[in-house]
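Hi,

Here is the structure I promised to pass on.

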Amino acid sequence: MALNLVAKIHPVVLFGIVDSFERRNEGAARVIGTLLGVYDKGVVEITNCFGVPHTESEDEVAVDLDFAKNMYDLHKKVNVSEVIVGWYATGHDITEQSVLIHEYYTREATQPIHLTVDTTLQNGRMGIKAFISTSMGVPGKTNGTDRKSVV
């Protein structure tokens, strides 16, 4: 997957994310979910999504991975061409818990997109950003990851 990846987000995806945020459990600061779509020549078209139950605190995050797998399996029965292309989270920050969640999606997609949707409407608008992670480091030494913005 190229670093100059272009992401196209269908409006239904944004509606789904906002809907899951509005229906979130009381006390939940944000919602997360799986992004579905198709890859085509450096372009990822994000066509659908579903929320994934989770709980998080400053120290840890617990994601209902069985729910995510079951939802994806059910979705594949109706939309055969769509694959997991990444995940979303509401809010404008990438947190330590986001890194753990991203590790899971790295096992589910080749180069998962992390979409952040700021539902607080800072500056009077909904901020939407997409990121991919890239490896960095010295060969043979400890490697890390860096986040690159997607257009």
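(Helices, H or I with at least four residues, and strands, E with at least two, are DSSP runs numbered from the N terminus.) V44 is buried, with a relative accessible area of 0%; buried means under 20% relative accessible area, exposed over 50%, and partly exposed in between, using a 1.4 Å probe and protein chains only. Leaving aside neighbours within four places in sequence, V44 is in contact with L5, V6, A7, K8, V38, Y39, V85 and I113, where contact means heavy atoms within 4.5 Å. One of these, A7, is 37 residues from V44 in sequence but 4.9 Å from it in space, C-alpha to C-alpha.

Before you load it: this is a predicted model, where local features need pLDDT of at least 70 and side-chain atom pairs count only at pLDDT 80 or more, while totals for chains, interfaces and linings use all residues. Residues are numbered from 1 along each chain as its sequence is written, and side-chain values use heavy atoms, with hydrogens and water left out.

The overall picture

The protein chain has 3 helices and 9 strands, and along the sequence they follow the pattern β-α-β-β-β-β-α-β-α-β-β-β. Of its 151 residues, 36% count as buried. If you take the contacts with a separation of 6 or more, residues 24 or more positions apart account for 58% of them. The chain exposes about 9100 Å², and carbon and sulfur atoms supply 53% of that; accessible areas come from the Shrake-Rupley method with a 1.4 Å probe, and for residues only the protein chains shown count as cover.

Around β3

Strands pair here if DSSP finds at least two bridges between them. Strand β1 (residues 6–9) runs parallel to strand β3 (residues 43–52), joined by 4 bridges, and A7 stands opposite V44 there. Strand β2 (residues 32–40) runs antiparallel to β3, with 9 bridges between them; D40 has V43 as its bridge partner in β3.

The hairpin of β2 and β3 has 2 residues between the strands, and K41 takes a positive phi near 50 degrees in it. K41 sits in the loop between β2 and β3 and is exposed, with a relative accessible area of 81%.

G51 is also found in strand β3, but it is partly exposed, with a relative accessible area of 29%. Neighbours within four places aside, G51 is in contact with I32, G33, F67 and Y88. From G51 to D19 it is 32 residues in sequence and 9.4 Å in space, C-alpha to C-alpha.

β6, α3 and β7

β6, α3 and β7 make a right-handed β-α-β unit. (Right-handed means that, with the strands pointing away from the viewer, the path from the first strand over the helix to the second runs clockwise.) The strands β6 and β7 pair in the parallel sense over 5 bridges, with G86 opposite I113 in β7.

How enclosed is strand β7 (residues 113–118)? 6 of its 6 residues are buried, so the strand is largely enclosed by the rest of the structure. I113, L115 and V117 point one way from β7, H114, T116 and D118 point the other way, and all are buried.

Rings

A search of the whole structure finds 2 aromatic pairs. Rings of Phe, Tyr and Trp (its six-membered ring) pair if their centres lie within 6.5 Å; planes under 30 degrees apart count as stacked, over 60 as edge-to-face and the rest as tilted. W87 and Y105 have ring centres 6.0 Å apart and planes at 10 degrees, so that pair is stacked. It links distant parts of the chain, with W87 in strand β6 (residues 83–90) and Y105 in helix α3 (residues 96–108), 18 residues apart. Both W87 and Y105 are buried. For Y104 and Y105, the centres are 4.8 Å apart and the planes at 75 degrees, so this pair is edge-to-face. Y104 is buried, as is Y105. Together, ring pairs link W87, Y104 and Y105 into a cluster.

Elsewhere, R24 lies over the face of F21, at 3.9 Å from the ring centre. The cut-off for a charge over a ring is NZ of Lys or CZ of Arg within 6 Å of the ring centre and within 35 degrees of the ring normal.

Cheers
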